[in-house]
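Here are my notes on the two-chain model you sent. They are set out as numbered points, chain by chain.

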Amino acid sequence: MKTITIDPITRLEGHGKIQIFLNDDGEVANSYFQIPELRGFEKFCEGRPVEELAHITPRICGVCPEAHHIASSKTLDAVFHVDPPPTAKKLRELLYSAFYVSDHTTHFYILAGPDFVVGPQAPVAERNILGLIAKVGVEIGKRVIQARKEANRVIEILAARQCHPICGLPGGVSKGLNKEEQEEIIKIGKRSVEFGQFSLKIFDDIVLKNKEYVDLILSDSFTHKTYYMGLVDDQNKVNFYDGKLRVVDPDGKEFAKFAAADYLQHLSEHVEPWSYLKFPFLKKVGWKGFVDGKDSGVYRVAPLARLNASDGMATPQAQEAFEKMYDTLGGKPVHATLATHWARLIELLYAAERILELIHDPEITSDEIRTIPTATPDEGIGVVEAPRGTLFHHYVTDEKGFVKRANLIVGTVNNYAAINMSIKKAAQGLIKKGTQVSEGLLNMIEMAFRAYDPCIGCATHSLPGQMPLEVNIHNSRGELIQVIKR
Amino acid sequence: MLMTHEPKILILGLGNTLISDDGIGIFILQNLKEQLKNPSCDFQESSAGGLRLLDLLPNYEIAVIIDSIKTGKNPPGHIYQFTIEDLQSPDPHPSLGHTISLPTVFELGKQLGYAMPRKVIIYAVEISDNETMHEGCTPQVAATLPQHTKRILSDLQRLLRENMQ
């Protein structure tokens, strides 16, 4: 087979691109998922007061500003060597839990839902949120939008503004919570828990009771046996805001557990000529290529990985849902990528329960919300679990607190190797000799990466408001034989 | 429809001022806000797209949206004016980007029974760079900021006059 050179993504002008290469028999030899990189972040940050990064990093993307803001606030704590008071940490986690409710709701109902509710092979014009509402009814649609809106209201109360929060500071937060706001959030929290249960019921009715979908979820085309990583608390329960990073191997055995500050001892990045984005892997296992198994350093993050890497959920209703998922799918860990959607809904319920726990905490309305930093700033590493996976921020400053270096590893990047593997495997399973790649077939391939909820939204603000995707299929001589654009 | 009361107009700038030309919609909005003081007009800026816009749009009679666009068919700085119908029909499945398009936002709002704006005017400025972190537009796009502000301001004043009759 001819050697083919693939250029990185810069010339794609905001397109995501899947390149599929066929062999002489017309079957899939290889595939590449390329996504554009936001340029110049490091340079942009250099020389700025480090506190500004809590305002800049949330603005690199309109999708998960809260994740960047909270990760950045925690990194600033580390840079200034300051420990926020308990109430400040709880307020941050409360905001973050509300963000999870909003974000997981969006992903399940808007992005993933249409595949299952309307159907994976349904015409593209119907396989969207409008088709979903047509199928489940306007009342459910209203409930979904309302759940998002109320979670965003909690963020607005705590973050001083709805998009791009500004409340996080080194050593705490700028705004506390009064009794009236507490009462409002209690009501929203209760409705969010009901909504979490309602969403799991929908999943149960529509997906789990449909044998075809369960077979699809468990099929080999959508399975990879990899390592999994996620933040856990001191009981090894899933935690989005804080804790240690735990890695389990493909058999579910603990492989590593470490503080965020030690991430460079555990993670390394592999470079491929066809991508400016790098591929993180487990240093102690090593990079063996885009392959799964115990000998390959490829690991996965995000909802299913977090549940796999933990011993359970810290709230009762979510724990019950956690047990049901593993009982149904044959125990831990679950390697079926599409089960990520189920895991996401369990996390939605956990986040809602966590809102209620935190809002009833006796300290939550305390005005002890800030520890003023006094130490000389130097270097800090902070971590949170973003909806799309573990998010690291790492800043180095001079003694006056001006940024010398800033680095981020975002959720989707952790999964970049696995996303590529998932696309290749799905394409290999679906494209055989002589196959004309149809929209429906393409969608089945896309489902492989949609489960990861890949967020590459940094450059997608321009009209029409969504990032186009292009799939190019090449024959064994590298000639382009089919292009599908979305 | 003739209005007997003052219309409620949302003027919405979309984009990200930290990513070069992506911020042009916001920069125009900021200029308009300085120059147009009218109690009927609310000014909002947002770097979020998709569903988050559904929280902003309902209960306005008219929405004026200012955004960037990258078609490559006209030189950077060229301005287009669209209606919602001019933009593509509701989504194909949103493969990437974790968001939904403007037409879908409007259709969704209508289906859910929200009071969506009865008139929508979209201005979009052709841009060249929305991938580099940089505060401010590229020179070619930046040079067109005053003329776009002037044109949209004049359109808004006419819109206000027409709807006040």
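1. Confidence. pLDDT is the predictor's confidence in each residue, on a scale from 0 to 100. Chain B has a mean pLDDT of 86, and 88% of its residues score at least 70. A contact here means two residues whose C-beta atoms, placed from the backbone, lie within 7 Å. The model scores ipTM 0.86 and pTM 0.92.

2. Conventions. This is a predicted model, in which local features need pLDDT of at least 70 and side-chain atom pairs count only at pLDDT 80 or more, while totals for chains, interfaces and linings use all residues. Residues are numbered from 1 along each chain as its sequence is written, and chains are lettered from A and ligands numbered from 1 in the order in which they are written.

3. Make-up of chain B. Chain B contains 5 helices and 5 strands; these are DSSP runs (helices H or I, at least four residues; strands E, at least two), numbered from the N terminus. Along the sequence they follow the pattern β-α-β-α-β-β-α-β-α-α. Of the 165 residues in chain B, 51% are buried. Buried means that 20 or more other C-beta atoms lie within 10 Å of the residue's own, exposed means 12 or fewer, and partly exposed is in between, with C-beta atoms placed from the backbone. Among contacts in chain B between residues at least 6 apart in sequence, 75% join residues at least 24 apart.

4. The sheet of chain B. Its 5 strands form an open, mixed sheet in the order β2-β1-β3-β5-β4. Strands count as paired if DSSP finds at least two bridges between them. At the edges stand β2 (41-46) and β4 (79-82) of chain B, each pairing on one side only. Neighbouring strands are turned by 20° against each other on average, direction ignored. Within the sheet, β1 (residues 9-14) and β3 (residues 62-69) of chain B run parallel and share 5 bridges; L10(B) stands opposite A63(B) in β3(B). Helix α1 (residues 24-35) of chain B packs on this sheet, touching β1, β2, β3 and β5 (119-126), and its direction makes about 140° with that of β1(B). Axes are lines fitted to C-alpha atoms, for helices over the stretch in contact, and angles run from 0 to 180 degrees between N-to-C directions.

5. A loop residue in chain B. Is P39(B) buried or exposed? P39(B) counts as exposed because it has 7 C-beta neighbours inside 10 Å. P39(B) sits in the loop between α1 and β2 of chain B. Its C-alpha lies 8.5 Å from that of K8(B), although the two are 31 residues apart in sequence.

6. Domains of chain A. The domain assignment, which is automatic or from a database, gives domain 1 (9-36 + 415-485) and domain 2 (83-223 + 336-372) of chain A. Their C-alpha centres lie 29 Å apart. The contact between them takes 15 residues from domain 1 and 13 residues from domain 2. On the domain 1 side, α14 (416-430) and α15 (439-450) of chain A each supply at least two residues, and α15(A) gives the largest share, 7 residues.

7. Three-stranded sheet in chain A. Strands β11-β12-β13 of chain A form, in that order, an open antiparallel sheet. β11 (379-386) and β13 (403-409) of chain A each have a single partner strand, so one side of each is left without a neighbour in the sheet. The twist averages 10° from one strand to the next. β12 (residues 389-397) of chain A and β13(A) pair over 6 bridges, with H393(A) partnered by L408(A). Helix α3 (residues 65-79) of chain A lies across β11 and β12, at about 150° to β11(A).

8. A strand pair in chain A. β8 (residues 267-270) and β9 (residues 279-282) of chain A are antiparallel and share 4 bridges; L267(A) has L282(A) as its bridge partner. In a regular strand the side chains alternate between the two faces of the sheet. In β9(A), F279(A) and F281(A) point one way, P280(A) and L282(A) the other way, and all are buried.
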